[in-house]
Every structure is written in C-alpha cells, then in structure tokens.
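Thanks, everyone, for making the time this morning.

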Amino acid sequence: MLRTHRLNRFVAGILVAVPLLLSACDKDSLEPPTASSVSLDARDMFTRYVAIGNSITAGLHSGGINDSTQLEAYPVLLARQMGLDTPDETTTGTSEFNVPLMAGPGCPPPYTNIFTQERLAGGDATTSLFRELPIPTYVNNIAFPGADLVEVFSYYDAGIVPSVTDVYKTFLLGGRTQIEAARAMDPTFLTVWIGNGDMQDAILATADPGNASIYPTAGEFAATYAQMMDSIDTFQNVEGGVLLGVIQATAAPYVSSGGAYFLASQTIPTLTVNANCLAQQQIPGTTESASVLVPFHYGAVLMGMAGAGVPTTLDCSVPEVISTQEAVDMILTVVQYNAAIEAEAAERDWIYIDPNELLQQVAQDPTAIRPFPAFSPGDPQYLTEPFGWALSLDGLHPSGRAHVLVANALIEAINAKYGAAINPISVQ
Amino acid sequence: MSRLGDSLTISLSVNEHGSCVMGRGGTGVARPCSDGSSQLFNPSGIAGMQGWTVSGGLTLIAAAGGFVDDLTQTKDELKNDPIPVPHGYITYGINERLAAGLALFVPYGLGTKWLDTFDGRFLGYDNDLQSIYLQGTVGYQLPKGIKIGGGLNFVFGSLELNQRLDLSQFATSTGATFGQIGIPFHTEFANANLKANSGAKLGANFGIGWDATDWLSLGARYITSVKLDYEGTAQFDAVATDIILPPGNPISVLLGTPDQPMDIDVLLAAQGLYSAGAVLGDQTVNTSITMPDQGSIGLALEASPAVTLLFDLQWINWTVFDTLVVEFENQPDDLVLVENYEDTYALRFGFDWAAKENLALRGGYLDHAGASPPETVTPLLPEGSRNEFTLGVGYSINDMFSFDLAYQYLKQNDRRGRIRDAIEGQGPSTDLNSGLYSFRAHLFGATLVLHF
C-alpha cells in the first residue's frame, strides 16, 4: 500500500513536469528580404537588389529630386514588382529595398514650369532640406544625379569636371562611391545604367555643344566601363544582373532639329531660320540621317524673343548649335559605347538592354516624345508635358510614366533570362 | 549627441547560487539544501540547522550565441569569456528552533561581449553589470512543521558599458544631423566608456516553509525590490571615420571651398568635442536601476525515502524596468530610454535522489520566460524564453566536509531583435528588428560545504 502511494506521488510529479517539457519551444526566425512575387527558383537572386546609375536611376525628374520622384524611379518600381518591401511616406528606414530619400520639396525641388523656371513650393535651384529622417540602415538605390561612368568607382579622376551635382555624392552616398556603397550591401542582383551622363554633357554644354572633347572616346569609355565591371566582379554573391546601354542624347527632345525650328518659323513672323539649319548628313552604315540640333537652352531663348515680337534669327553655323557632323559623331560613339556594354554583359552572361529600342517604340507616339517642344501656351502639352508625356519638365529625364515602361522592359528581360515570373506593371 | 545609454538594459536574473539547488533545476523553496543557500532560496530553511555551516563556491557561466542579420545573413558571434559568479553562506544554529546566518550572492547581473566590429556595437559591445547582495538572516521553527525566516539585504551595484557613437545621429552646426547630409547609418566616430557604482541600499528577503505531511512540504519566499542609484564617469575617445567627402560636398560649400574635399576626422577634431566641459568631454553620469522584487512558491514530494521531487514557480517583477533615465553632466537633456520589460515566470522541476548514504544524484529542468518585449531585444542581453536542463551530484566526504557539483545547459529560443537605437522621438518598435539572436550557455557549479 505504501509502495502504491509513493508510486502515485511519482506519477503525479511526472504529470506536473510534462507540460513544462512541452512549453517554451516557440522560436523566432530569420526574415531576409524576400522577393515574394518572384518564382521560387529565382527568389534568392533578388534578396539584395542594388541599382547603380545616374540621375535617371536616382529618380531625378523635371530638374529636381525629392521623395516622390525618387519613389517613381524604375529601380523602386522593379523592386516593388519583385515583391520587395519599398519605402513610403511612413517609412521607418527598414524596407527591403531602400532609397536615400530627400526631404521636403526637394534638392532642388522639381520644376513646375520649365519656361518660367518656377519650382515646387516656391523653391529655387539652391533649395535643400537635406535627407529625410530616419535615414535608412542601408541603401539599395545608390545612383546619384550627375554620375559619369568613372564616378561609379572614383571621385578623384583627373577627367572629372566639377559640377553642382557633386553635392549628391555626399547627400545620397555619404562620400562613398557607388562601388563602395554596393559592396556594403553585398548585392545578389544588380542593374547598371551608367554612361548617359557622359554623353548628355554634350547637349547641355552652352558654349560648344556636341564638341567631341566633351565626351569620352569609345575606347576610353570601353576601358572605364571594363574597370567598373572588374570592381563589380569582386562582389562575392552576385547571381545576375542587367546592363543598360547609353541613350542616344541626340534623340532627346531637349535637342530639336533645325528643321523643326524652320517649321515653327512658318507660324512665327518674327522668327527667321537660316537654310543651314535644314542640313542633314547620312549616318555611315545606316540609311538614316542626322540633323542639325538646337539645344533647348539655346533655342528657347530665341523662341522667347521671337514670341515677344523681337525679330530673331536662328543661324545654325554658330557653335551653340550642334552641327550634323557633331551629331553623327555623337550617334556613332554611342553605338560603340553600347557595343562595349553589350560585350561586358555577354562576358558575364548578364542581360543587356538597349534603351534606344524602347525609346524608338515610344517615339512612335508623337505626344510621347515630341520632335519639337510645346513652346506655345495654346498647346495642350505646354505646361504639363512640353517635351511629351514620356519626358519630365526638363526634357531630359523620363517622366513617371516612362519609368514604368523602363521597369516593364527590365521585367520582361529578367523573366526571359532568369524565369523569374515577375508581374509587369499595368500601363493605363 | 548619439544616444549613449541604451545598453543600460538589464535583465538576466542569476539563480545559480549553490550547486545543490542548481543541480535540481533551481528548486529549493519547499525543501532547501543543507549548505546554507536557503538564506537566498527560502530564509526559513535555516531554522533547525545545527551548529555551524560554512559554504562557498562558484558558478562559471560560459555563454555563447550570436546575431544573424536578415539582410546579409552573416553571423556575429558573442565573444564572452566565462563569467564566474560567486556565492557564500554562513549559518549557525543558535538552538533547535532559532538559527542565524550571513549570505553573499549576486542575483542580477550580466556580461556580454561582442567584437567591436559588430553592427550592434552602437548599443553596447562590452558590458558588465553586477548587483551584490549581502544578507543577514534569521530563521525560526514554529510548531506544526512551520518555519519562518527573513533577512536584510545590503545591495551594491556596479556597471561598465562600452559602445560606439554613430556620427549619422550627431548634429552638424546647421542643425541637420550628419545622417541628413548623407553620412551612412552606423558610422562610428567615438567610443563611449561608462563606469559607475552605487552606494549600498537596503532590501529584504522573507520566507516560510511548512512540512504538511511526512511526504509533502510547501514553501514560499519573497525578495523586495531595491533601487540602486549609480554615479560614475563617462569617457569618450575619438574613433577614426576615415571618411573624406569629395569636392562639392555641402560642408565644403558652406565653408566657401566647394572644390575641396572634406576630411570628416579633421572636421570633428577641430570642434573640440572631447575637451573639458564639451559634449564628449569626460563627465559624470548618473542613473538609477531598480533590482526587481521576486517571489517563489514551491512544493516537495517525497516519492520514496530516497527520492524527492521538487517543483517551484518563480516570479520576477520586471515591470519595474519600464524606462531608464540617464543624466550626463554635459548634456542639456536627460536620456530617457523606454524598455517596457514584462514580468517573468519560471517553472522549475527537480529531483534529488539519495543514491547512497553519502551520495546524492540530482537532475532538473526549468522553463523560463523572457523579460524583454519583442521591441527591446538588443545586443546587451539578447534575452528570451529559455529551457534549461541540470545535473548534479552531492558527496559527503565525512561528517564535516561535503561538496556539490552541478552542470546546467541553457538553450534560449532564437529571438528576433535589433541592433540599432529606437528612432528619435519614437518608441522602440519591432519594425527595427533586423535579425535573429541565438543564445546558449553551459554553467558549471561547485560548492564546498563545511559543517561543524
């Protein structure tokens, strides 16, 4: 009997203990960034997506950059479609794809009227409220406006020309180069869209646009690009990437053909366009021709004067206008740039995308990329999209709608190459 | 300034103050061990002890663990050296009913050490906190198997904390932070070392035990909270950022030299940040931390003449640790940290088997909840719910000498946590958790007991 009682006590003790042994086993788990909208086979590739580039990639619109324009940039759209968490107005700095967001109306605020140079919230070209708080713990979109190719990995190259956009090297990257910032992220996937700035400088120059000394030779560009890719090759965990080619700056609506000005002069009595503005030159190896090109910053002044009733003449022999030979040289150089980029992509079995093919498709719609800006207040696109709906108010950088097209082009190429099954963004 | 002080968080309650109790899962409220440790586990337990009992020992805590980052999935390992935790007890049976004693134990403490390259170093990378309890105890045997006891605790505390300061959180002369002009998050520029001690404060420990039958004993004890006021020094030393901002940076622009690079270390050195009276000059620091009150209830079942089964339920009032206010001599505002700790409960099970007349074998298991809520799990103490298993042995060499040995394995459930400060102006949030902490420890206890 005594033995039975003791046994019961022992059993009772065990019964008390069992629930203890079954409890306290709930474990938390690691929560890496997950490209949840991507096929399982490709998901790990997009864990740490990093975007290298310049103003387009950074999200500069209409001559300005702020959190809204930055969040409309194609890398953010692409990351979102991948299923990565992206920042919004209530961000705590811990999204899965982070952007160094600029505070307030912008740095500087985007134009609201390109003709009057008015900017958002009454700001001007010097307005800056610095970065938004809290700053993110890491940054995926490491592009900065004004980045030339060499500036992806060096800020002290002898060929670097000081620019007001140099401030972004600090604002967006804290003095790190894009290669240094990318290395800190240990990327698994990269998009690289760089080189546009190198050629874009040739149409923004006020003294002698188109001059070949402004942009690197094809050989210099290829060597520098290879150097950049060699740096990227040192990253340990890259599983794939996309290299985008350089846009033909001569096709940007920021420059218009002399012929377009000639046509405009037919309805503006005070504007005279000399016959040398109608010159064209065949582009070697193609059936296409290059025109004399008038940069917006030069042509807009003349159009303003003529519109004000002041007799004005556009003479296309002046250095402020891009000659047909200069235009041909620029076009052929970009072709060579892109051949070099494509070769670098092929060497790594990465994707290469020629953005000019996309632009040519978009340009089929004359309201998308206008051959001549909407200088007339009576034009329905005058205030909102004077260069066409695909361009922002500066005539150089894509609009939000165009960024969607770029993102979709990337999605199509990534899906085809990597079987990623990323859903494209619906286009209205 | 950067938010020095988040690492003042404490939580780890240490219960291993006697290898006999340790070997049986920390159970000791209803049936204390005879080594004098009942002064801690239930002061009533010393009632009825005969003659002198002197015991002393050490528990060596070998902790290991790490943090795996969600993003990079790289692991940083905890680099703790084994931490010795002492205990010592003296009791004297004044007569058959009355006994008195003196006890030394360290019921709250922590030590965490990470490499100073760990990203969590901005919350603390080399930290040590101890609260030493010196207790005078009296126990008395009442009729009908009831014992009561109590003691006064003289409590002393000390702490040392090291952390890096984050330049991105530091204000520039424009009012914007360095982070707002682009300096990356977690850019170290200074090391903060904080050392402080508290004066003695008084607390108490009460206990009651009841031998309800010849096979069932019940017990309970309660230790009061003690608020320790720490006073010490904070010393700051520069750490090179090695950042040179390229030409065109906003600082050079402000200085009228836009085409010149800006060496951040030169800029900081020119500010006199570390001179006497300056923001990061050596300065006094004050804070208060309350060591929480705790209570336990337990029962002991004599399953056979040789085997005793023991169960304890322990509660610790960690809710007293909701906010922490730190005063720095050279800072205009106090640092207020929200911790929101929660009460913890530990369920303990143990057995004590008198295998031979002079040999006892012991074992146990305990399930302990975590005090820190999900939003305040940090590198200082990556604390959480844990399971622990114990083994022990007691051996009597002769009537005068005996010793106890114990081993305990602590396995904490992996826990998500953060390696960054809460965002200025906001409370701590699980949104800031960015990885997974793991923690485990091997504990080795040895106690030598002398009866005479």
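Let me begin in chain B, where Leu218(B) has Leu299(B) of β14(B) as its bridge partner. Before I go further, this is a predicted model, in which local features need pLDDT of at least 70 and side-chain atom pairs count only at pLDDT 80 or more, whereas totals for chains, interfaces and linings use all residues. Residues are numbered from 1 along each chain as its sequence is written, and chains are lettered from A and ligands numbered from 1 in the order in which they are written.

With 4 residues between them, β8(B) and β9(B) form a hairpin.

Stepping back to chain B as a whole, its secondary structure comes to 4 helices and 23 strands, and its C-alpha atoms fill a box of roughly 90 × 40 × 35 Å along the principal axes. Of its 452 residues, 52% count as buried. A contact requires C-beta atoms, placed from the backbone, within 7 Å, and of the contacts in chain B with a separation of 6 or more, 69% are between residues 24 or more positions apart.

Now to chain A, whose mean pLDDT, the predictor's confidence in each residue from 0 to 100, is 91, with 93% of its residues at 70 or more. Over residues 12-23 of chain A, however, the pLDDT is below 50, and this stretch has 12 contacts in the model beyond near neighbours in sequence.

Chain A contains an open sheet of 4 strands in the order β1-β4-β5-β12, with parallel pairing. Its edge strands are β1 (49-53) and β12 (351-353) of chain A, each of which pairs on one side only, and the twist averages 15° from one strand to the next. Helix α13 (residues 400-418) of chain A packs on this sheet, touching β4, β5 and β12 of chain A, and its direction makes about 150° with that of β12(A); such axes are lines fitted to C-alpha atoms, for helices over the stretch in contact, and angles run from 0 to 180 degrees between N-to-C directions.

As for the backbone, there are two cis peptide bonds worth a look. One joins Cys107(A) and Pro108(A), with omega about -10°, and Pro108(A) lies in the loop between α4 (74-82) and β2 (111-113) of chain A. The other runs from Leu133(A) to Pro134(A), with omega near -5°, in a loop between β3 (118-119) and α5 (167-171) of chain A, where Pro134(A) lies.

Phe130(A) also lies in the loop between β3 and α5 of chain A, and has a positive phi of about 65° although it is not a glycine. Is Phe130(A) buried or exposed? Phe130(A) counts as buried, because 21 other C-beta atoms lie within 10 Å.

By contrast, Lys144(B), with a positive phi of about 60°, is exposed, having 7 other C-beta atoms within 10 Å.

Finally, the contact between the chains takes 42 residues from chain A and 48 residues from chain B. On the side of chain A that touches chain B, α1(A) gives the most, with 8 residues.

Notes. Two residues are in contact if their C-beta atoms, placed from the backbone, lie within 7 Å. Helices (H or I, at least four residues) and strands (E, at least two) are DSSP runs, numbered from the N terminus. A residue is buried if 20 or more other C-beta atoms lie within 10 Å of its own, exposed if 12 or fewer, and partly exposed in between; C-beta atoms are placed from the backbone. Two strands pair if DSSP finds at least two bridges between them.
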